[in-house]
Amino acid sequence: MAINTAIPQYRHDIYSTDAILDPYPHYAELRALGPAVWLPRHRAYAISRYADCKAVLLDDETFISGDGVALNPIANRIGRGTTLSSDGDEHANKRSIIAHRLTPRALRSMTDTVERLAEQVVESAMTKPLVDGVGDLASALPLSVVPDLVGWPVEGRDDLLRWAGATFDSLGPINKHSIGATKAAVEMLAFSRRVVRDRTVLDGSMGHDILAAADEGRIEISQCPALMVDYLAPSLDTTIGAISSALYLFAQHPDQWQALRKNLDLIPNAINEVVRIQSPLRAFSRRTSRETVIAGTAIPARARVLVLYASANRDHREWHDPDTFDITRDAARQLGFGSGTHGCAGQGLARLETRAILRALARRVERIESAGTPKWSVNNIIHRLEHLPLELVPTKGTLP
């Protein structure tokens, strides 16, 4: 592949540990350099501005996912057969197998259950003088909901968070993070293969639908393990990232918490703003199927482009005062859940769970206060907290 020497280059490693922990200065430099910036370390074009990222995501014929969305060939080879790494009719067919479980109507049928579980999670947290916003709140609800929906066997759930995080981490470039994650990611896929082989999925679950589709000849049985993982891992980590980031932001911005408590109708808007300013997904890549142009910059065929969702969501060209957390902002167009054909299929469930937790907290918690130094997870793809020490100061009464 010939490199366009007129395109600016950025030689810093945006996947170093320091850059993972504080990526936003790097993203700002990339946006300032141009619409497409060559990353020589990763042999990819970084797309960092909002309008350009959205255009790439909406053009799935030019910017394809079928050659993988990772920045390393090993992960792209392992990822073959997943919904994430497919295009066109193949992608539509795989997505249709589970789509009925994620429709607004299907999610409405789950609302009472999710809200009841959220109330239980918050009630349990309120009994403690200090809580870990990740372990006690952000992880507790998704771990109560998602494995049952997917149909994951009960005996295989202890390692789910470790496996899910590793599955994402392995999709970065070949670095110490992805190499260290490979073993756990392979463990998750191996366990999923056993689940499919032994047919130990829960009856009436998404996994049951996947096996039924194989029995009917709609997909190959060999594709089932990857499809099981395809929805389980993202539905856990992205939701945990959104909920924990919301808690972190409200602890840092007590005025925003009071605004939300006074007007619970702001919760859906607040979720969009949380996902905008602390995007749970950093970036995925695409491969160009032909020569193309991004905002006047020529990109060759077979090039790998890196779509930086988290950068797009802080682009001053699109957002007024983008580094400020404002739950009254209209952030519905944020790209934290992707966009287009490959937009996150489980985002409705993620919103439902996040809304349920915030509503339950708003009824019981006057203030969310920091009780220690937060620790961010070091992961090539997922942006989320690992530990978040908090004090939940209870209200004197309960909101209706």
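Helix 12 (residues 224–252) consists of 29 residues and spans 43 Å from its first C-alpha to its last, close to the expected 42 Å, where the expected span is 1.5 Å times one less than the number of residues. Helices (H or I, at least four residues) and strands (E, at least two) are DSSP runs, numbered from the N terminus. The model is predicted, so that local features need pLDDT of at least 70 and side-chain atom pairs count only at pLDDT 80 or more, while totals for chains, interfaces and linings use all residues. Residues are numbered from 1 along each chain as its sequence is written, and side-chain values use heavy atoms, with hydrogens and water left out.

Helix 12 is mostly covered, with 27 of its 29 residues buried (under 20% relative accessible area; exposed is over 50%, partly exposed in between; 1.4 Å probe, protein chains only).

Strand 2 (residues 44–47) is covered on both faces. Ala-44 and Ala-46 are buried on one side, and Tyr-45 and Ile-47 are buried on the other. In a regular strand the side chains alternate between the two faces of the sheet.

Strand 2 pairs with two other strands, pairing being defined as at least two bridges found by DSSP. Strand 1 (residues 37–39) runs antiparallel to strand 2 and is joined to strand 2 by three bridges; Trp-38 stands opposite Tyr-45. Four residues lie between the strands of this hairpin, in which Arg-43 has a positive phi near 50°. Strand 8 (residues 304–308) runs parallel to strand 2, again with three bridges, and Leu-306 in strand 8 stands opposite Ala-46.
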